[in-house]
Amino acid sequence: MKEGRGSFSVERGPRKERERAQSGMWRGNSPAGSQGAAMEGTGGELGGQGNWGPEDAPGLLARASLIMLPWPLPLASSALTLLFGALTSLFLWYCYRLGSQDTQALGAGSRAGGVRGGPVGCSEAGGPSPRSPGNPGEGPRTEGLVSRRLRAYARRYSWAGMGRVRRAAQGGPGPGRGPGVLGIQRPGLLFLPDLPSAPFVPRDAQRHDVELLESSFPAILRDFGAVSWDFSGTTPPPRGWSPPLAPGCYQLLLYQAGRCQPSNCRRCPGAYRALRGLRSFMSANTFGNAGFSVLLPGARLEGRCGPTNARVRCHLGLKIPPGCELVVGGEPQCWAEGHCLLVDDSFLHTVAHNGSPEDGPRVVFIVDLWHPNVAGAERQALDFVFAPDP
């Protein structure tokens with residue numbers, strides 16, 4: 001039993017020594033013992049009243065680092081939590097500010113008419129064209145407003161299928177900013193990239209709408225007879241007719257810059273009924289117009305370009321006397337009564353009536369249609385961005 005107890009005590013002795021040595025190391029004692037005694041001092045702790053000298057500096061540093069090692073971990077965790085919370089708050093504030101600026105810009109743009117239609121001259125395409133950003137000081141502001149409205153649309157719906165519209169809103173490369181297609185296609189407000197470009201569009205591209213308008217030719221011609229006048233210019237235009245925006249050019253619009261004109265539509269029921277049956281009529285944004293366009297003998301509209309290549313203008317000939325000519329992108333064409341002519345008016349175009357006064361005015365019914373290669377999602381987005389003012 002004694003031997004067992006002795007053996008047990010013998011085993012405990014080295015273990016106690018090892019524990020004492022390890023405890024001394026955590027308290028900063030060195031194996032040599034001299035530095036440990038000096039560091040122990042009278043106080044027995046780092047903050048005690050020991051008598052230390054310069055030679056004790058390495059031991060003090062080692063002991064201090066060992067004592068402080070466990071403590072920064074919870075402090076660092078708290079600091080990271082605070083930093084993450086601050087960054088989250090900053091991000092939420094930025095999103096709030098961005099949304100507020102977009103809302104204010106949309107309201108201001110709607111009130112100021114930054115992308116709405118405005119009279120810039122008598123457009124042969126049947127109505128006033130939206131204001132061009134080529135005017136001094138208009139370009140960056142208009143492009144910025146279009147981008148903000150497109151972002152608002154994407155937040156409400158989706159960016160899916162918006163690649164071309166996004167590039168157009170950001171003012172990407174286009175004929176208006178470079179050589180373009182022989183320098184003759186210069187849309188003033190919106191250039192949608194990667195659309196097939198040709199001054200005249202084949203009838204098959206909008207077969208349904210073309211056939212519907214041509215079948216409605218008798219009704220539309222009767223409507224014109226009910227609202228026409230002598231166009232002499234000696235008396236003010238009757239109700240519904242716009243003042244001449246250029247010499248010899250008159251218009252009666254059923255839709256103007258995407259807004260229905262109810263009184264004119266009631267006076268022209270056959271034309272209005274035909275418009276309601278069209279599949280690709282631009283009836284919900286400021287690029288869309290529809291109505292009668294009259295050009296008197298001797299009148300000429302010099303070269304101009306429309307605001308966008310996203311539309312095609314359909315001309316239904318009603319009264320076409322000799323000597324009338326339409327030149328689009330350097331290609332001459334002429335109307336025919338009862339037939340439609342599809343024109344991309346973003347190309348430079350000129351209209352002239354070279355007939356005699358006895359021939360009477362040239363009359364066409366013009367409707368803005370979507371370009372056949374503009375997808376449905378793109379049409380919806382552009383209707384949102386270029387929605388007419390309420």
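User: Which residues are joined into a cluster by ring pairs?

Analyst: The model is predicted: local features need pLDDT of at least 70, side-chain atom pairs count only at pLDDT 80 or more, and totals for chains, interfaces and linings use all residues. Residues are numbered from 1 along each chain as its sequence is written, and side-chain values use heavy atoms, leaving out hydrogens and water. Rings of Phe, Tyr and Trp (its six-membered ring) pair if their centres lie within 6.5 Å, with planes under 30 degrees apart counted as stacked, over 60 as edge-to-face and the rest as tilted. Ring pairs of this kind link into a cluster Phe224, Trp229, Phe231, Trp241, Tyr250, Phe292 and Phe365.

User: Which residues of helix α8 are buried?

Analyst: Helices are DSSP runs (H or I, at least four residues) and strands are E runs of at least two, numbered from the N terminus. A residue is buried under 20% relative accessible area, exposed over 50% and partly exposed in between, with a 1.4 Å probe and protein chains only. In α8, which spans residues 217-227, the buried ones are Phe217, Ala219, Ile220, Asp223, Phe224 and Val227.

User: Why do the buried residues of α8 line one face, and within what arc do they fall?

Analyst: The arc is that of the directions from the helix axis to the C-beta atoms. The face turned away from the buried side carries the exposed residues Arg222 and Ala226. The buried residues line one face of α8 because, seen down its axis, they fall within an arc of 165°.

User: What is the angle between the planes of Tyr255 and Phe281?

Analyst: The structure holds 12 aromatic pairs. Among them, Tyr255 in strand β2 (residues 249-256) and Phe281 in the loop between α10 (269-276) and β4 (290-295) link distant parts of the chain, 26 residues apart. Both Tyr255 and Phe281 are buried. Their centres are 5.0 Å apart, and the pair is edge-to-face, with an angle between the planes of 90°.

User: How many residues apart in sequence are the parts that Phe287 and Phe386 tie together?

Analyst: The ring centres of Phe287 and Phe386 are 4.6 Å apart with planes at 40°, so this pair is tilted. Phe287 is buried at a relative accessible area of 1%, and Phe386 is buried at 0%. Because Phe287 lies in the loop between α10 and β4 and Phe386 in the segment after α11 (376-385), the sequence separation of the parts tied together is 99 residues.

User: With which side chain does the side chain of His315 make a polar contact?

Analyst: His315 lies in strand β6 (residues 311-319), and its relative accessible area of 3% makes it buried. A polar contact is a pair of N or O atoms within 3.5 Å; within protein, one must be able to donate a hydrogen and the other to accept it, and residues adjacent in sequence count only if both atoms are side-chain atoms. At 3.0 Å, the partner of His315 is the side chain of Trp335.

User: How many disulfides does the structure hold?

Analyst: A disulfide is a pair of cysteine sulfur atoms within 2.5 Å. For Cys265, the closest cysteine sulfur, in Cys260, is 3.4 Å away and therefore too far for a bond. Cys268 is in no disulfide either, as the nearest cysteine sulfur, that of Cys265, is 7.7 Å away. The number of disulfides in the structure is zero.

User: What percentage of the residues of the protein count as buried?

Analyst: The secondary structure comes to 11 helices and 11 strands. Of the 390 residues, the buried share is 42%.
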